[in-house]
Amino acid sequence: MQTMSRDTARRAALAAQGFTDPAPRGEVTRRHLVRVLSRTKLLQLDSVNVAVRAHYMPLFSRLGRYDPALVDAAAWSHRARQPRLLVEYWAHEASLIPIEDWPLLRWRMRDHGGAWRRRSRELLERSPSLVNDVLAAVKDLGPISAGALERELGGGERQGRGPWWNRSDTKRVCELLFAMGELTTGTRRGFERLYDLPERVLPAHVLGHEPEDDDAVRALVERSAQALGVATEPDLRDYYRLSPAQSQRAVAELVEQGVLEPVSVHGWRQPAYRHAGARIPRKVVGRALLCPFDPLIWERSRAQRLFDYHYRIEIYVPEPKRQYGYYVFPFLLNGELVARVDLKADRAAGVLRVPGAFLEPGRDLGEVVPELAGALRDMASWLGLDDVVVGDRGNLAAPLRAVVR
């Protein structure tokens, strides 16, 4: 078994995620989007918009300034000259995945989207007429929002407590049918999902293809390995939220086929696997701000193993107990995570606010500050904001504020 250092594993991971690809010259195009997706395999969706939507940021981190409409057209376009490249489904979490990967998740659709969504199954028995009515209404009216469907169908019985769980049966049926692959996202209005029938969104060859479950899972694990470069079995499992049994069986088969090579990484307690096509660059240069849902860091224990970087998102932590801030972006510089900044896009004031900025222990202040200041200016410009305003929290705040000024 090959043994590699953590530094080697880290460089392989960064290359696999596209951080060593050459920067675009000139305008970022659909071709560049496809290149990034060939690395990351998917873009996670999230409703938080305090700085920028999660599905836009990984492309900026890898490509620099680009027009977010490029993603919108790839995911939600109806133009014949530019067929859509992406479709929504539960992959890592709610995600945009390449249309060609839709059949690889049919087994999950037959399982109603996964274990934690099974509580909605009782709707199939309790309200079969509502299920049929929703499908018929979407067929006639789609793409259409859940709210519009409620009005069309005369509303529904409110259940649950709190703003997140207080959903009508109509909304729950829409989400259940989405999880089952009976509905998909036709387009979005703002961030509101408008449901439509898959046959009006996906090409016939995708809808007509349904691989065997084991073949599909094995293909997903191989995609995980391509995206991660070097990874433990739980890392590979997490990328598409597979079960241990599914992942372990697929990993064993891919090792037998020579697609995965078992390796030992210094400091990792679990065995790891290197994808046969993984590149290991001699060095990694460049800078990037990473949103909390970037696939490089979304598995927090992996970020700890690769970068010695302890990272937790603190959105759900009461403000007095937050260590770093509400929506914190790690800062990648020359292959290392060297700092973190709490960010907020204040669109009313036209500024990118940095309430907190923190240098990682042992990092060079003189090296990090100008690079981070440049990265923040780039991000503000990309978001159409006029300035960067640095607050007072953190050991990096004062020197960063002086440079930004």
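Two residues are in contact when they have heavy atoms within 4.5 Å of each other. This is a predicted model, in which local features need pLDDT of at least 70 and side-chain atom pairs count only at pLDDT 80 or more, while totals for chains, interfaces and linings use all residues. Residues are numbered from 1 along each chain as its sequence is written, and side-chain values use heavy atoms, with hydrogens and water left out.

Start with Gly350. Leaving aside neighbours within four places in sequence, Gly350 touches Leu385, Asp386 and Asp387. Gly350 also has its C-alpha atom 9.0 Å from that of Ala380, a residue 30 places away along the chain. You'll find Gly350 in the loop between strand E12 (336-346) and strand E13 (351-359). Helices (H or I, at least four residues) and strands (E, at least two) are DSSP runs, numbered from the N terminus. Is Gly350 buried or exposed? With a relative accessible area of 10%, Gly350 is buried. The cut-offs are under 20% for buried, over 50% for exposed and in between for partly exposed (1.4 Å probe, protein chains only).

Now zoom out. The protein chain has 17 helices and 14 strands. Its radius of gyration is 22 Å, close to the 22 Å that the globule rule gives for 405 residues, so the chain is as compact as a globular protein of that length. That radius is taken over C-alpha atoms, and the rule is 2.2 Å times the number of residues to the power 0.38. Along the principal axes, the C-alpha atoms fill a box of roughly 65 × 55 × 45 Å. Of the 405 residues, 56% count as buried. Among contacts between residues at least 6 apart in sequence, 65% join residues at least 24 apart.

Next, two helix pairs. Axes are lines fitted to C-alpha atoms, for helices over the stretch in contact, and angles run from 0 to 180 degrees between N-to-C directions.

| Helix pair | Angle | Axis distance |
|---|---|---|
| H8 (residues 146-153) and H10 (residues 169-179) | about 125° | 9 Å apart |
| H1 (residues 6-16) and H12 (residues 213-228) | roughly 110° | within 6 Å |

H1 and H12 are therefore roughly perpendicular to each other. Their contact brings Ala12, Ala13 and Ala16 in H1 up against Gln226, Ala227 and Leu228 in H12. These residues divide into five nonpolar, one polar and no charged. Here Ala, Val, Leu, Ile, Met, Phe, Trp, Tyr, Cys and Pro count as nonpolar, Asp, Glu, Lys and Arg as charged, and the others, Gly among them, as polar.

In the other pair, Ala146, Leu149, Glu150 and Leu153 in H8 meet Thr170, Lys171 and Cys174 in H10. That contact is made up of four nonpolar, one polar and two charged residues.

Finally, some backbone details. Most residues other than glycine have a negative phi, and most peptide bonds are trans. A cis peptide bond joins Gly142 and Pro143, with omega about 0°. Pro143 sits in the loop between helix H7 (128-141) and H8. Arg241 isn't a glycine, yet its phi is positive, near 55°. Look for Arg241 in the loop between helix H13 (233-239) and helix H14 (244-256); it is partly exposed, at 35% relative accessible area. Asn334, also not a glycine, has a positive phi of about 50°. Asn334 lies in the loop between strand E11 (328-333) and E12, and counts as partly exposed at 34% relative accessibility.

How values were computed: Parallel < 35°, antiparallel > 145°, perpendicular 65-115°, else oblique.
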